[in-house]
Amino acid sequence: MKIVVCIKQVPDTKGGVKFNPDGTLDRAAMMTIMNPDDKAGLEAALRLKDQYGAEVTVITMGLPKAEDVLREAMAMGADKGILVTDRVLGGADTWATSQTLAGAIRNLEYDLIITGRQAIDGDTAQVGPQISEHLGIPVISYAQKIEIDGDSVIVERQYDDRYHVLKAKMPCLITALAELNAPRYMTPGGIFDACDAEITVWGRANLVDVEDSNLGLKGSPTQIAKASDKVRKGQGEKINKDVTESVDYIVDKLKVRHVI
Amino acid sequence: MDFTLSKKHEMARTLFREFAEKEVKPLAIEVDETEEFPRVTVEKMAKAGFMGIPIPKEYGGQGCDILTYAMCVEELSKVCGTTGVIVSAHTSLCCDPILTFGTEEQKQKYLPDLAAGRKIGAFGLTEPGAGTDAQGQQTKAVLDGEEWVLNGSKIFITNGKEADVYVIFAITGMVEKRGRMTKEISAFIVEKGTPGFTFGTKEKKMGIRGSSTYELIFTDCRIPKANLLGQQGKGFNIAMHTLDGGRIGIAAQALGIGEGALERTIAYVKERKQFGKAIGSFQNTQFQLADMATKAQAAQFMVYKAATTKDQYTKDHKTSYSVEAAMAKLYAAEMAMEVTTKAVQLHGGYGYTREYEVERMMRDAKITEIYEGTSEVQRMVISANLLK
């Protein structure tokens, strides 16, 4: 079985969010981590590898320094890493990103593609499903459990109050939730091997069946006007009343503010 | 000369730090209070490969270097000195002598389980009458047919009851040396569960209270002849060589304890207010912190130097790292004691309570000046090299 896992290097919000003067994220100035949903997706792939045997390829699109996140994935147990980087790919929104990744993945053989549900810097949850559309394969999103059954996958898709069990023939794409599992640690030996390993670097020329008009900033229908740090909420108000009085109190407050 | 860490070592540090923060730090107070060996943490460390860092891959290890191993002990010890010494004693005192002096059969038999953390290792040299004076030991091993028969006891054994594989030293005869009869010492591999091998009392210690420190008792304990480690009569050399390596592990433990106390103190003096100001704004605090940080940095350079010198030995089997290891342990241990004592002082009354962890760190630091060669022994090693 061949599994491709799409991962993204995202800012580590624990280190503080920093902005450029134009309001966009200053990625170079921030600490970075592997996007948590993607890490769960990678762990899911590695567990399938442990259980059934598989070759796991991790792929990322980003600046040259995104190579670090590939090495981290390989130190956890991924077999190969592919970095898609090119100036013409910069400023991509979800559409241009999914076009790029699909164009890269067309070079690869795969039974399963796993992406994270969404990245903590954009929170769109669009790239995974878009890749599946571009490649013309089924997608099962919000996976909380993944099993292999012959040439199919059986996935529990999470909802707020229930889950669906879906079966799809491979090849297909699954988007993973951070809650799917507790990702393993890198191993010291894995780190040494990953640092010695070759990372495949692809640029625009390596993308298959993608129009220039669908790439980078120019190919992005969405433009970010401004990004800002999270505004801290106040302490809130604690009340100590019985249930009926509490409900009345809250309803009154909401009415005054014209929420209801 | 390059003082920057390689990408590999930076990544390894990130791994060790993340593991220590998530898996070890939350349990450190409990481990100290209950004096219970952190078995679950050891299982997690085994899974992450921490129990076989410098063991070659052919024997199931991680195939990394001593510097990486030292950084692991350092980061673990920043949050829990007990956890640091478990890895150190297992790796330096049991895995290393088997790797260095073992036959191919012994390596194949013991190292894969030890490197994977399925089994834990320990080392037995110290006896009631033989501490710094290793020649003073009484434990005897007599060859009887195809078996060695061990009689005697070992004390203060780290990983004592929790270990599965023990490197044990015993007298195998008397030999004439420079006109005097001296004890011939040999090393052996002894497995837990061997008839005649039992445990005595558990030590109640000042610090590293979660590490399992026991007396080992051998009463007509018969082990296979093939469990002699290295050549008969070369036990003293094996012990000294092993302790040279062990000192790097303990130096790394001391380094971590000192750094951990410094980190906590920096955070505390920013928060703690007296006379309307954070105590970090007072010059006395600033000067104390400056001294603590400078000594911790110096200790780190010395520990890393000793580790990379041992790495050179691994490559050429010639480079001596004995003096580097002694200097690193001497300096790091004394730094740890000084820095943790200052950390408690800067924390004031709170620092004396068990809620603030610098108190535990001060207790943990003390042993690093004593075990695997006291600071006085390190000074003997260093000066003997100067005056040879």
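Biologist: Where is Thr158(B) found?
Modeller: Thr158(B) sits in the loop between strand S3 (147–157) and strand S4 (165–177) of chain B. Helices (H or I, at least four residues) and strands (E, at least two) are DSSP runs, numbered from the N terminus. This is a predicted model, in which local features need pLDDT of at least 70, side-chain atom pairs count only at pLDDT 80 or more, and totals for chains, interfaces and linings use all residues. Residues are numbered from 1 along each chain as its sequence is written, chains are lettered from A and ligands numbered from 1 in the order in which they are written, and side-chain values use heavy atoms, with hydrogens and water left out.

Biologist: Why is Thr158(B) called buried?
Modeller: Buried means under 20% relative accessible area, exposed over 50%, and partly exposed in between (1.4 Å probe, protein chains only). Thr158(B) has 14% relative accessibility, so Thr158(B) counts as buried.

Biologist: Which residues is Thr158(B) in contact with, leaving aside neighbours within four places in sequence?
Modeller: They are Val85(B), Ala89(B), Ala122(B) and Ser212(B). Contact means heavy atoms within 4.5 Å.

Biologist: What puts the buried residues of H3(B) on the same side?
Modeller: In helix H3 (residues 39–47) of chain B, the buried residues are Thr41(B), Val42(B), Met45(B) and Ala46(B). They cover an arc of only 145° around the axis, so they lie on the same side of H3(B). The arc is taken over the directions from the helix axis to the C-beta atoms. Val40(B) and Lys47(B), on the other side of H3(B), are exposed. The buried residues of H3(B) pack against H1, helix H4 (66–79) and helix H5 (81–101) of chain B.

Biologist: What makes the pair Lys57(B) and Asp193(A) a salt bridge?
Modeller: A salt bridge needs a side-chain nitrogen of Lys or Arg within 4 Å of a carboxyl oxygen of Asp or Glu. The side chains of Lys57(B) and Asp193(A) meet at 2.4 Å, N to O, so the pair meets that definition. Between chain B and chain A the count is 3 salt bridges. Helix H1 (residues 7–24) of chain B gives 11 residues, the largest share of the side of chain B that touches chain A.

Biologist: How many residues are in contact between chain B and chain A?
Modeller: 22 residues of chain B are in contact with 16 residues of chain A. Lys8(B), Met11(B) and Leu15(B) supply 42% of the area that chain B buries against chain A, more than any other three residues. Together the two chains bury about 1500 Å², 69% of it on carbon and sulfur atoms. Buried area is the accessible area (1.4 Å probe) that two parts lose on being put together, summed over both.

Biologist: Which parts of chain A does the pair Glu43(A) and Arg184(A) link?
Modeller: Glu43(A) forms a salt bridge with Arg184(A), with the closest N and O atoms 2.8 Å apart. Glu43(A) lies in helix H1 (residues 36–52) of chain A and Arg184(A) in the loop between strand S10 (172–176) and helix H5 (188–196) of chain A, 141 residues apart.

Biologist: Is Glu43(A) buried or exposed, and what is Arg184(A) counted as?
Modeller: Glu43(A) has a relative accessible area of 3%, so Glu43(A) is buried. Arg184(A), at 26% relative accessibility, counts as partly exposed.

Biologist: How do you know that Lys119(B) and Asp113(B) form a salt bridge?
Modeller: Their closest N and O atoms are 3.8 Å apart, therefore the pair falls within the salt-bridge limit. Lys119(B), at 29% relative accessibility, counts as partly exposed, and so does Asp113(B), at 21%.
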